[in-house]
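User: I am new to this structure and would like to know what stands behind the terms used for it. Please go through them one at a time.

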Amino acid sequence: MSFLKNIFNKKDEAIKSYEDFWSWFQKNEKEFYTVIKQKNNIEQNFFNKLSPKLNELKEGIFYLTGMVNQDTVELILTPDGIIKNIVFVEELIKSAPEINHWLFTALKPPAEIKNIQINMAGHSFSKDNMHFCFKQDNNFPDEIDITIIHNDYNEENKSTITNGIYIFLDNFLGELNFITSIDNLKIAGKEGAEEQIIPIEKLKEFLNWREKEFIEKYEGIRHNTDNDNYSILEAELQNGTALIAVVNTDLLEWDSKASHPWILSVEIKYSGENNNGMPDQPTSELLNEIENKILENLRDLDGYLNVGRETANSTREIYFACKDFRKPSSVLHQIQLKYANKIAINYDIYKDKYWKSFDRFINN
């Protein structure tokens, strides 16, 4: 009977929602608390049990844990730098119940610079040996282009120094700010500074100022695409298959692109090998249905602009420029699940204030 009981218990613990996850966690939290407090093989007794449950819920959620005081364990959930997974980490933590002796945190929080001292492979990373400078480009005035200067940086140790700097910024700025606030990041030594160097402790203040300036500049800007003009671009690829793109040419000439800095790229794979890389009629209808479903949820006047689509090599790619990254992530995840048994859908979200990734359409 105990064997059968174990089978049914495992089946009951399938994780399909945030509530399922926290229900499972509450059943095990006392055991987990003891494991972490006593440092009793945390990887085997906690992480190896936590990780599969998080993956059942949503792949791409990672974790950190430790005691914040003698009585409280903190569990930090993180997307590990992947923008499209931020919203799921935030939602999961927001849905967490109150559990005695536990603190649940979404994304790695910022820390006071005086408390950050990172040592890696014989190198240290602190306010004592790091600075930054920034570059302004009149062609792209809203981009935040930062160079981090480390006193020890050279060609031989650049990999180690780069990794250490990323860890330092993750801790100093906090994960969300680090992921979202810097457009271009370079690493250099003192001799590589092209502009005036600034103490690293001023970086947070600088980024907050630039973000405030950016928000004020583009507050409330919207674009209605109802009367926009579109172009159809056709080409033959090197392998002899066709490429067809439909792009909103008015959007590509818009002078307020930076107001919608997040690019959603949706990739849908289909079988087009026998049709010059193009979809057949039933597949084309399914692709259009999926695109219409996205358009229903991501409307232009809400801040989501359909830039266009590209079809070639058994792949349909659909592009949106967005004011934020959270809603597109949620919408595409739900559409992924809805059509999982019919067709493979993947998506990515990245920051591109000036839509440089669409230059190929303008050039053509």
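User: How do the residues that line the largest pocket divide by class?

Analyst: In this predicted model, the lining of the largest pocket holds 9 nonpolar, 6 polar and 7 charged residues. Asp, Glu, Lys and Arg count as charged.

User: How much space lies in the largest pocket, and which residues are closest to its centre?

Analyst: The space in the largest pocket comes to about 420 Å³. Its lining has 22 residues, and those closest to the centre are Glu211, Phe214, Ile215, Trp262 and Lys323. Helix 6 (175-181) and helix 7 (203-218) are the elements that give two or more residues to this lining. Helix 7 gives the most, with 6 residues.

User: What makes a residue part of the lining of the second largest pocket, and which of them lie nearest its centre?

Analyst: A lining residue has an atom within 4 Å of a point of the pocket. For the second largest pocket, 13 residues form the lining, and Ile179, Ile182, Asp183, Asn184 and Lys351 lie nearest its centre. Helix 6 and strand 8 (184-188) are the elements that give two or more residues here. The lining divides into 6 nonpolar, 1 polar and 6 charged residues, and the space in this pocket is about 260 Å³.

User: Why is helix 4 called roughly perpendicular to helix 10?

Analyst: Helix 4 (residues 86-94) and helix 10 (residues 326-338) pack at an angle of about 90°, and their axes are 8 Å apart. Angles of 65 to 115 degrees count as roughly perpendicular, so helix 4 is roughly perpendicular to helix 10.

User: What makes the contact of helix 4 with helix 10?

Analyst: On the side of helix 4, the contact is made by Val87, Phe88, Glu90 and Glu91, and on the side of helix 10 by Arg326, Ser329, Ser330 and His333. By class, this contact has 2 nonpolar, 3 polar and 3 charged residues.

User: Why is helix 2 called roughly antiparallel to helix 3?

Analyst: The angle between helix 2 (residues 18-37) and helix 3 is about 175°, with axes 11 Å apart. Angles over 145 degrees count as roughly antiparallel, so helix 2 is roughly antiparallel to helix 3. Residues of helix 2 in the contact include Tyr18, Phe21, Trp24 and Phe25, and those of helix 3 include Ile42, Asn45, Phe46 and Lys49. The residues of this contact divide into 12 nonpolar, 1 polar and 3 charged.

User: Why are strand 1 and strand 3 said to stand at the edges of their sheet?

Analyst: The sheet is open, with 3 strands in the order 1-2-3 and mixed pairing. Strand 1 (62-67) and strand 3 (102-106) each have a single partner strand, so one side of each has no neighbour in the sheet. Neighbouring strands are turned by 20° against each other on average, direction ignored.

User: How do you know that strand 1 and strand 2 pair?

Analyst: Two strands pair if there are at least two bridges between them. Strand 1 and strand 2 (residues 73-78) have 6 bridges, in the antiparallel sense, so by that definition they pair. Glycine 66, for one, has glutamate 74 in strand 2 as its bridge partner.

User: Which helices pack on this sheet?

Analyst: Helix 3 (residues 42-57) touches strand 1, strand 2 and strand 3, and its direction makes about 145° with that of strand 1. Helix 4 touches strand 2 and strand 3, and its direction makes about 155° with that of strand 3.

User: How many bridges join strand 6 to strand 9?

Analyst: Strand 6 and strand 9 have 2 bridges, in the antiparallel sense. The cut-off is at least two bridges, so this counts as a pair. Histidine 131 has proline 199 in strand 9 as its bridge partner.

User: Where is the pairing parallel, and where antiparallel?

Analyst: Strand 7 (residues 145-150) and strand 8 run parallel and are joined by 5 bridges; threonine 147 stands opposite lysine 186 in strand 8. Strand 6 and strand 7 run antiparallel, joined by 6 bridges, and phenylalanine 134 stands opposite isoleucine 146 in strand 7.

Note on methods. Residues numbered from 1 in each chain as written. Predicted model: local features only at pLDDT ≥ 70, side-chain atom pairs only at ≥ 80, totals over all residues. Heavy atoms only, no water. 1 Å grid on protein atoms, 1.4 Å probe; cavity = no way out; pocket = protein on both sides within 12 Å on 5 of 7 lines; lining within 4 Å. Points joined across faces, edges and corners; volume = space filled by probe spheres on them. Helix = DSSP H or I, 4+ residues; strand = E, 2+ residues; numbered from the N terminus. Axes fitted to C-alpha atoms, helices over the stretch in contact; angles between N-to-C directions. Parallel < 35°, antiparallel > 145°, perpendicular 65-115°, else oblique. Contact = heavy atoms within 4.5 Å.
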